[in-house]
Amino acid sequence: PDNIIVDNYADTIWIISRKTGKLVWQVGPDFSKYPKLAKLGTDRKEFLGPFFGGYVGGMTHHAHMIPRGLPGEGNILVFKNGMPYSIVMEFNPVTHQVVWEYSGIEMGYAESHGLAHKFFSPTVSSVQRLPNGNTLIVEGDGGRLFEVTKDYEIVWEYIHPVYDWGGLGG
């Protein structure tokens, strides 16, 4: 599309026309209109933390349309930090149908299970579809990047051995 703009504090994704400067598509912040995408919206009052004036959680990052020629082309791919676990979501922007998700919950763990929360980055992160159909995921706060298949199999991963971001207290 012309332009995708994300407001990660308001859990909103917009597409703005470069030609007209007008809003042509939006999802959020009221996710009651999009129940299939409700996981992209977060009531930050639930998630108290040390960042951003006392609130943390939610925060969509790197929302983008998957480019032509790649598996899932035309769908929107986004990393949602969330609390207490993160989600990578691919959805159809026309139907709002969720096409694919990656999270501990999607891997089969109950929300109360500790491993459901293993995939988590409270702030910065990214996601990208690869030509082979796999997805590259960056857990920014942990210095971890990995490639995962549609069936949630981790193909490879790298964790930076001396990663330290002051925002997490070392």
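**Exercise 1. Determine how many helices and strands the protein has, and describe its overall make-up.**

*Solution.* Step 1: the protein has zero helices and eleven strands, where helices (H or I, at least four residues) and strands (E, at least two) are DSSP runs, numbered from the N terminus. Along the sequence this gives the pattern β-β-β-β-β-β-β-β-β-β-β. The structure is a predicted model, in which local features need pLDDT of at least 70 and side-chain atom pairs count only at pLDDT 80 or more, whereas totals for chains, interfaces and linings use all residues. Residues are numbered from 1 along each chain as its sequence is written, and side-chain values use heavy atoms, with hydrogens and water left out.

Step 1: of the 170 residues in the protein, 42% are buried. Buried means under 20% relative accessible area, exposed over 50%, and partly exposed in between (1.4 Å probe, protein chains only).

Step 2: the accessible surface comes to about 8,900 Å², and 56% of this surface belongs to carbon and sulfur atoms. Such areas come from the Shrake-Rupley method with a 1.4 Å probe; for residues, only the protein chains shown count as cover.

**Exercise 2. State in which order the four strands of the open sheet are arranged, and which strands stand at its edges.**

*Solution.* Step 1: the order is 8-9-10-11, with antiparallel pairing. Two strands pair if DSSP finds at least two bridges between them.

Step 1: strand 8 (125–129) and strand 11 (154–159) are the edge strands; each has a single partner strand, so one side of each is left without a neighbour in the sheet.

Step 2: from one strand to the next, the twist averages 10°. For such angles, axes are lines fitted to C-alpha atoms, for helices over the stretch in contact, and angles run from 0 to 180 degrees between N-to-C directions.

**Exercise 3. Examine strand 8 and its pairing with strand 9.**

*Solution.* Step 1: strand 8 and strand 9 (residues 135–139) are joined by five bridges in the antiparallel sense. Within this pair, arginine 129 stands opposite threonine 135.

Step 1: in a regular strand the side chains alternate between the two faces of the sheet.

Step 2: five residues lie between the two strands of the hairpin, where glycine 133 takes a positive phi near 95°.

**Exercise 4. Decide whether arginine 144 is buried or exposed, and identify its polar partners.**

*Solution.* Step 1: arginine 144 lies in strand 10 (residues 144–148). Its relative accessible area is 11%, so arginine 144 is buried.

Step 1: its side chain makes a polar contact with the side chain of glutamate 139 at 2.4 Å and another with that of glutamate 157 at 2.7 Å. A polar contact is a pair of N or O atoms within 3.5 Å; within protein, one must be able to donate a hydrogen and the other to accept it, and residues adjacent in sequence count only if both atoms are side-chain atoms.

Step 2: not counting residues up to four places away in sequence, arginine 144 touches several residues, including Phe119, Ile137 and Tyr158; contact means heavy atoms within 4.5 Å.

Step 3: leucine 145 is also found in strand 10. Its relative accessibility is 27%, so leucine 145 counts as partly exposed.

**Exercise 5. Locate serine 86 and classify its accessibility.**

*Solution.* Step 1: serine 86 is in the loop between strand 5 (76–80) and strand 6 (87–91).

Step 1: with 0% relative accessibility, serine 86 counts as buried.

Step 2: a polar atom of its side chain lies 2.7 Å from the backbone oxygen of asparagine 81.
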